[in-house]
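Open your viewer and get ready to select some aromatic rings.

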There are 2 protein chains.
Amino acid sequence: MLGMEGDLLKGHLDAIVLAALAGEAAHGYAVIEAIRRRSGGVFNLPEGTVYPALHRLEKAGAVNSDWTTAPSGRRRRVYALTPQGRATLDRHRDVWRAFAEAVERVMADSGGGGGNGGGLGDHPPPLAGAP
Amino acid sequence: MLGMEGDLLKGHLDAIVLAALAGEAAHGYAVIEAIRRRSGGVFNLPEGTVYPALHRLEKAGAVNSDWTTAPSGRRRRVYALTPQGRATLDRHRDVWRAFAEAVERVMADSGGGGGNGGGLGDHPPPLAGAP
DNA sequence: CACTAAGCCTAGCGTCACTAGGTGTCAAGC
DNA sequence: GCTTGACACCTAGTGACGCTAGGCTTAGTG
């Protein structure tokens, strides 16, 4: 099991949630599923992680929410990116690139590294959240 | 300033420190400089971050240390990876790949993304620690 | 009716990078 | 000689924040 790996996405959660909303508005539960699906099952975030993040983002003005009633009759709170949220996402993306490249540079060399190469397209086990 | 971005490397610090030691043994201060140099200045980690990490890694058996006296006459504690540490690094690398790919997948799409393209090779401002 | 899935919410915990402060050595400047 | 600054190490305490663990409601299914 890899679930024991600590808070890997500490500081990256906002970026991930915003990215999940970039394509189209969605309600909280759908955000969770979108993240799980898009990440290939790697990010299986519990509700207690995503809902507070959405509230935080709304308070910060990055998203706004509307209560709607789904065709099934259930009430949902649908979140959408604001223009400011889109800008925040862009900034997060830049920060992410810089961060990822930096980690890659530090890890590159050391002999063993690099060789890996492929690996894309698989469905690795979740790294976070596993109820 | 980007320094305000929270604990981006929460959970990734061990991997970074281990990677910095993968090439050759080094003392704490040199580890800090190696990380800063290799990351292109992005990771400018304060001592209060790296020393506890090294102690933690030593207690975990991933590195061992030897007190030496530098030609300059100063006492240094030189850390080296143990075989177990090398295995830990490999595991961290795998976890990192999975994590990074997952984030990339979540961020990819949303229209704006992907287009960025270049940007590699620059020396962006530090994301963490800047005294 | 019981039970599951959908859908939302929040108080509190635990982790861990970072702040802020401390020690001591060596070289250079005034 | 005394201060400044780089080198080199250490640690107690703080704070942010993802996550656990709980609780709530409604719709479908047996």
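Over all chains, seven aromatic pairs are counted, where rings of Phe, Tyr and Trp (its six-membered ring) pair if their centres lie within 6.5 Å; planes under 30 degrees apart count as stacked, over 60 as edge-to-face and the rest as tilted. Start by selecting A:W96 and A:F99: the ring centres are 6.0 Å apart and the planes meet at 40 degrees, so this pair is tilted.

A note on conventions: this is a predicted model, in which local features need pLDDT of at least 70, side-chain atom pairs count only at pLDDT 80 or more, and totals for chains, interfaces and linings use all residues. Residues are numbered from 1 along each chain as its sequence is written, chains are lettered from A and ligands numbered from 1 in the order in which they are written, and side-chain values use heavy atoms, leaving out hydrogens and water.

A:W96 and A:F99 both sit in helix 4 (residues 83-107) of chain A, three residues apart, about one turn of the helix; helices are DSSP runs (H or I, at least four residues) numbered from the N terminus. A:F99 is buried, with a relative accessible area of 0% (buried means under 20%, with a 1.4 Å probe and protein chains only).

Finally, select A:F43, A:W96, A:F99, B:F43, B:W96 and B:F99, which ring pairs link into a cluster.

Definitions and conventions. Helices (H or I, at least four residues) and strands (E, at least two) are DSSP runs, numbered from the N terminus. Buried means under 20% relative accessible area, exposed over 50%, partly exposed in between (1.4 Å probe, protein chains only).
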